[in-house]
Amino acid sequence: MTVVALAGRQRSPAISLQRQYGLLGVLLIAPTILIFCAVIVYPLVSAIYLSLFSIYTPTLQGHWVGLGNFQEMFSSGNFWVALRTNVIWTAGTLALQVIFGVGVALLLDQNIVFRSLARSLILFPYFVSTVVAVLVWRWMFNDVYGVLNHFLLAAHIVDMPIDWLGRMPNAMISVILIGAWKYFPFVVIAVLARLQTIPPQLYEAARIDGAGAWSRFWDVTLPQLRDVLLVVVLLRTIWDFKEFDLIYLLTGGGPLVATETLPLVVYKQAFGFNAMGMASAYSIGMLLVLLVFMYLYLSRIGRGEARA
Amino acid sequence: MTRRAWVRAIPVNAAAWLIVLIVIFPLIWMILTSVKPQDELIRIPPTLLPQNVTFEHYQELLEDTPFLKYFWHSVVLSTSTTLLVLVVGVLGAYSLVRFSYRGREKLALLVLFTYLLPSAVLVLPLYLLMVKVGIANSIASLVIAYTTFALPYALWLLRSFMAGIPEDLESAALVDGASRLGAFIDVVLPQALPGIISTAVFTFIVAWNEYFYALVLVNTDAARPLTTGVFTMLVTSFNIEWSLLMAAAVMMSLPLIVIFVFLQGFLTRGFAASGVKG
């Protein structure tokens, strides 16, 4: 920056050039700020405002109810039921994502044949559209022609076809498993990148000290992965918590409301029950829970930025 | 390799490739199902490999259903979103990296904050906004809605890419008498190009795959993208056309497959730059 300022001083007074640059900087960021105001700040404020009304979705007519929506939401217990479902889904799928993700990353870090092909293939579930993923899984889950039931029956693991999505706890388990399948590649990539930066001397030193494979993982690899895993867990918690597509398309929240997480309740309130005000109240309730994790993540990243 | 290394390598290789195959089995199954004739599809037990390969489902999909129309909507939607987000994002990211003004650091964190916001919170006000402005049920309304997640993400990616470009060259151009914008176009843009392509690829994929906003904001065949279109087209409460659905799923993944084959490097690079490093 000093070079720039010096160069400027030869042509015009430095102060005006600095100001000119500042102005240009603001000008360049202006479209971003305008768009953010229109599609994020305004809707956010508006969501809080809407939650104070009772609004009939088809006509969009409504009247003021104050905190009535929130009162009903909390006292009916529906919010807590959905939150509980949401926590079960998030914790279940996240745990599998991390365990499976770290495991596969360790395997793909080994010297295997066609390693780069294996690494790109493993990414596919993550990038494929949720719609495509759900279609395929529902076809494999099919009770009559589904390939999964066929395998299990042929291997004599079960003697009746499994109803994967129509009953509990099967539906929740299926959703959690497919969520893990879809999103674990994110963990793989993040962990693989970190694994490649661990200095080999650490392993050498451990080996000289007589550490076996297991203790090398436990005492060398895992501590090195701690930071990246923390960030990954926070990010994935936020993303899994607000997941809509996967659950909605797989079970629609069913059977009954057994897999109905908060985003699905928001959608059902707004377009199933035509209660847009109530839907907004649910969305605000959900945001409040998420803010905790968003704060943790952002303060973590903010610290990283300050260090850099 | 020594003999001992070989003995060790075999189980590791087998385990790794077995897992890879299990993970991508659903996608292989999708392709296999889409080329099986109808009678083979409902055979018990199912055939693993198709005995007769047929492309009749693809033909039916392209000729007798609105698939191509939805596909075109998705192309227009994803391309416009990507272009809009890139233009705004490149300028914004450059500003965040190279200029100093008050609130710049806070703005950068705010970008990340907006990226994490759940669409379930924003969707209802956006729906009302589109109705009020009079562009509900249009591709434009989806492009606008998609900026809510695509722009913050693009900004964050581009920002970390641009921060990696050394300032020296730019300074040299300025010393040589280039204007600030001239230096930006001649020096910064070419160096940022790999990062820009990465961002474009990512933005295109998320826009192509998006379902929730499309479900809420567009309720007409005149603007429906593929993600919601395949369901209205092929899933009714009485009947699910599995063979057509699998063919549609394969066709829908085509852009992704193209990106995977030709632009793989940009995909991995984008991953490294996203918010994972703490």
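1. Buried area is the accessible area that two parts lose on being put together, summed over both. With that in hand, a friendly word before you start: what you have here is a predicted model. Between domain 1 of chain A and domain 2 of chain A, the buried area comes to about 310 Å². Carbon and sulfur atoms give 76% of that area.

2. Where do the two domains of chain A run? The domain assignment places domain 1 at residues 2-50 and domain 2 at residues 76-307. The contact draws four residues from domain 1 of chain A and four residues from domain 2 of chain A. Their C-alpha centres are 38 Å apart.

3. Next, the interface of the two chains. Here 97 residues of chain A are in contact with 93 residues of chain B. Chain A and chain B bury about 8,800 Å² between them, and carbon and sulfur atoms give 81% of this area. On the side of chain A, the residues that lose the most area to chain B are Leu28(A), Phe127(A) and Trp139(A), which together make up 9% of what that side buries.

4. Which helix gives the largest share of the side of chain A that touches chain B? That is helix H2 of chain A, residues 14-50, with 21 residues. For polar contacts between chain A and chain B, the count is nine residue pairs, both at pLDDT 80 or more. Salt bridges across this interface number zero.

5. One residue of chain B is worth a stop on your tour. Glu210(B) sits in the loop that links helix H9 (180-209) to helix H10 (212-217) of chain B. Is Glu210(B) buried or exposed? Glu210(B) is buried, yet has no salt bridge. Lys242(A) is the nearest side chain of opposite charge, and lies 10 Å away. A salt bridge here requires a side-chain nitrogen of Lys or Arg within 4 Å of a carboxyl oxygen.

6. What, then, surrounds Glu210(B)? Its side chain reaches the backbone nitrogen of Phe212(B) at 3.2 Å. Leaving aside residues up to four places away in sequence, Glu210(B) touches Tyr146(B), Phe149(B) and Thr227(B). If you have the structure open, those residues of chain B are the ones to display around Glu210(B).

Methods:
Residues numbered from 1 in each chain as written. Chains lettered and ligands numbered in written order. Predicted model: local features only at pLDDT ≥ 70, side-chain atom pairs only at ≥ 80, totals over all residues. Heavy atoms only, no water. Helix = DSSP H or I, 4+ residues; strand = E, 2+ residues; numbered from the N terminus. Buried < 20%, exposed > 50% of the residue type's maximum accessible area, 1.4 Å probe, protein only. Lys, Arg positive; Asp, Glu negative; His and termini not counted. Polar contact = N/O pair within 3.5 Å; in protein donor to acceptor, adjacent residues only side chain to side chain. Contact = heavy atoms within 4.5 Å. Domains from an automatic or database assignment. Buried area = accessible area lost by both parts, 1.4 Å probe.
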